[in-house]
Amino acid sequence: MKLGLFGINFGACADPDVVVRVARAAEAAGFESVWTGEHVVLPDPQAPPSPSPPHTPFLDPAVALTFVAAHTTRLRLGTGIIILPQRNPAVLAKELTSVDRLSKGRLIFGLGAGYLKPEFQALGAPFADRGKRTDEYIEAIVALWTQDKPEYKGEYVSFGGIQAQPRPVQKPHPPIVVGGMSPSGLRRAARYGNGWYGFALDLDATRTAVEGLRAAEQRGRPEALGKLEITVTPPKAPDADTVRRYAELGVDRLVLLNPGRSADEQVAFAEKAGRELS
């Protein structure tokens, strides 16, 4: 079982000294990866389904992961997740390529379609068609990363006669991990993803998601993508027996929520989890 640590770019980890301490502690403790979250803006006052209080500090994922890369040597760097339809895909492809190049090939590109309508409205991003946009944007980013002469013609994004250099270190491109529990999210993971990411899922919810993923794979997964790697964040830190039970369900990576509020608490959690689970 691979172990990741979630939240390397927000809360206490929005402070540069804290993020370095936590990332280095995770690397030393045997974690395979660290993961960001993303919300460009948050509703104020907080109201469902907003996940965080409005004054929670979130660093930009690409900037935060580049900073982490400069202070670590081995950790994989995951976006968990970037809200793709809020982004310009060509600009995002450049930002993520930069992370992969500067980290010497450690990026994991996690994405989702998003669900927080006030955030979309504040950014001027259409909400109703976010699923279709997400599919197109994935295709466009892959074209920019892999084609000798990148070209894409879609409803929401079109380009040709261009180059976008440099290309990512990882070939054919950094792993693409698709988040989401909805039927469309599961379908998207099967169709486009090297992996799938489910957040705050207990064992029962994970079992249901894995069944849905397997059904989606049977309906249409390109053979070239290979095995779908399954990543889950449990709702609370698991013990060794619970890790084993996730593995039996087919989970390949657990990305742990770090409950620590201070730097010392976050470092202590990473050290303890690594000692007991890695």
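## An exposed lysine and the basis of the model

K104 counts as exposed, at 73% relative accessibility; exposed means over 50% relative accessible area, buried under 20% and partly exposed in between (1.4 Å probe, protein chains only). K104 lies in the loop between α3 (89-102) and β5 (107-112). Helices (H or I, at least four residues) and strands (E, at least two) are DSSP runs, numbered from the N terminus. Although K104 is not a glycine, its phi is positive, about 60 degrees.

This is a predicted model, in which local features need pLDDT of at least 70 and side-chain atom pairs count only at pLDDT 80 or more, while totals for chains, interfaces and linings use all residues. Residues are numbered from 1 along each chain as its sequence is written, and side-chain values use heavy atoms, with hydrogens and water left out.

## Other backbone features

A200 is another residue that has a positive phi of about 60 degrees without being a glycine. A200 lies in the loop between β9 and α7 and counts as partly exposed at 38% relative accessibility.

The loop between β7 and β8 holds P166 and P172. H173 has its place in the loop between β7 (158-159) and β8 (176-179); H173 is buried, with a relative accessible area of 14%. Leaving aside neighbours within four places in sequence, H173 is in contact (heavy atoms within 4.5 Å) with V142, W145, T146 and N194.

## The largest pocket

How much space lies in the largest pocket? The volume is about 1100 Å³, taken as the space filled by probe spheres set on grid points that are joined across faces, edges and corners. A pocket is an open set of points on a 1 Å grid over the protein atoms alone, where a 1.4 Å probe fits, with protein on both sides within 12 Å along at least five of seven lines; lining residues have an atom within 4 Å of a point.

Of the 38 lining residues, F6, H39, P51, Y115 and F199 are the closest to the centre of the pocket. The elements giving two or more residues to the lining are α5 (130-146), α6 (183-192) and β9 (195-199).

## Nonpolar cores

A nonpolar core is a set of buried Ala, Val, Leu, Ile, Met, Phe, Trp, Tyr and Cys residues joined through side-chain atoms within 4.5 Å. The largest has 67 residues, and I8, F31, F109 and W196 have the most contacts inside it. A second, separate core of 10 residues includes I81, V177, Y197 and V255.

In helix α8 (residues 240-248), the buried residues are T242, V243 and Y246. Seen down the axis of α8, these buried residues fall within an arc of 105 degrees, so they line one face of the helix; the arc is that of the directions from the helix axis to the C-beta atoms. Their cover includes α7 (203-220), β10 (229-233), β11 (253-257) and α9 (263-277). Just after α8, G250 takes a positive phi of about 105 degrees.

P235 is found in the loop between β10 and α8 and counts as partly exposed at 45% relative accessibility. Not counting residues up to four places away in sequence, P235 touches A200, L201, D202, Y246 and L257.
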